[in-house]
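Please look over the sequence and the model shown here before reading on.

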Amino acid sequence: MRKILLSLFLLSVASAAGAAENNIRPGLWEVTTTSMLLALVPQIPPDQMQQLTSLAKQYGLDMPQIQNGAATSRVCITQQMADEKIPSYFHQNQIGCSFKNAVRTENSYAMDLVCTNPQLKGNGRAEGTFTTPENFSGWTIFKGTVQDRPINEHADTSGRWISASCDTVKPPY
């Protein structure tokens, strides 16, 4: 269960962070992802939650605050990242997944997700819209297997710019 949650969270954050990189205001962003799987987090025993937090750190992520089925994290977007039309980040391998067919049309983005990792296999899609240079919203769907268990998940994501300074939050690349 914890690996399923982490895998889907990483997919959501990866696609949301990548989405936040297109023609947006650089600086510190707050990204919130909601899903049915995140709603199950309170049922995870504290020792397993600690293991999940350690696993996230292995992927270079801090475990977000998770409450009421929503994960909230902070992402630092540099000027270079904000200037990219289709960020190279979309095409980098993330937890065994790659982003393909990434397109940007005016204020909207779309991309396909392909995961071929032994722990996470399947396909998905992420789409979203920048409502302003300081806000975006979108969704991610994923169908496949996590540790050979079938999964069919939908997550909604939104982001809002917080400040020009990232303080101690480091950019994802």
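In this predicted model, β4 pairs with strand β5 (residues 108-116) in the antiparallel sense over seven bridges, where two strands count as paired if DSSP finds at least two bridges between them, and K100 stands opposite D112 in β5. Strands (E, at least two residues) and helices (H or I, at least four) are DSSP runs, numbered from the N terminus.

Two further antiparallel pairings involve β8, and the table lists them with one facing pair of residues each.

| Strand | Partner | Bridges | Facing residues |
|---|---|---|---|
| β1 (residues 27-35) | β8 | eight bridges | W29 and W161 |
| β7 (residues 135-146) | β8 | twelve bridges | W139 and D156 |

β7 and β8 form a hairpin with two residues between them, and Q147 in the turn has a positive phi of about 50°.

Eight strands make up an open, antiparallel sheet in the order β2-β3-β1-β8-β7-β6-β5-β4. Because β2 (65-67) and β4 (97-105) stand at the edges with a single partner strand each, one side of each has no neighbour in the sheet.

As for confidence, the protein averages a pLDDT (the predictor's confidence in each residue, from 0 to 100) of 77, and 75% of the residues score at least 70. The mean is lowest in helix α1 (residues 2-19), at 49, and highest in strand β8 (residues 149-163), at 90. Where pLDDT is low, the predicted coordinates should not be read in detail.

Residues are numbered from 1 along each chain as its sequence is written. Local features need pLDDT of at least 70, side-chain atom pairs count only at pLDDT 80 or more, and totals for chains, interfaces and linings use all residues, while side-chain values use heavy atoms, leaving out hydrogens and water.
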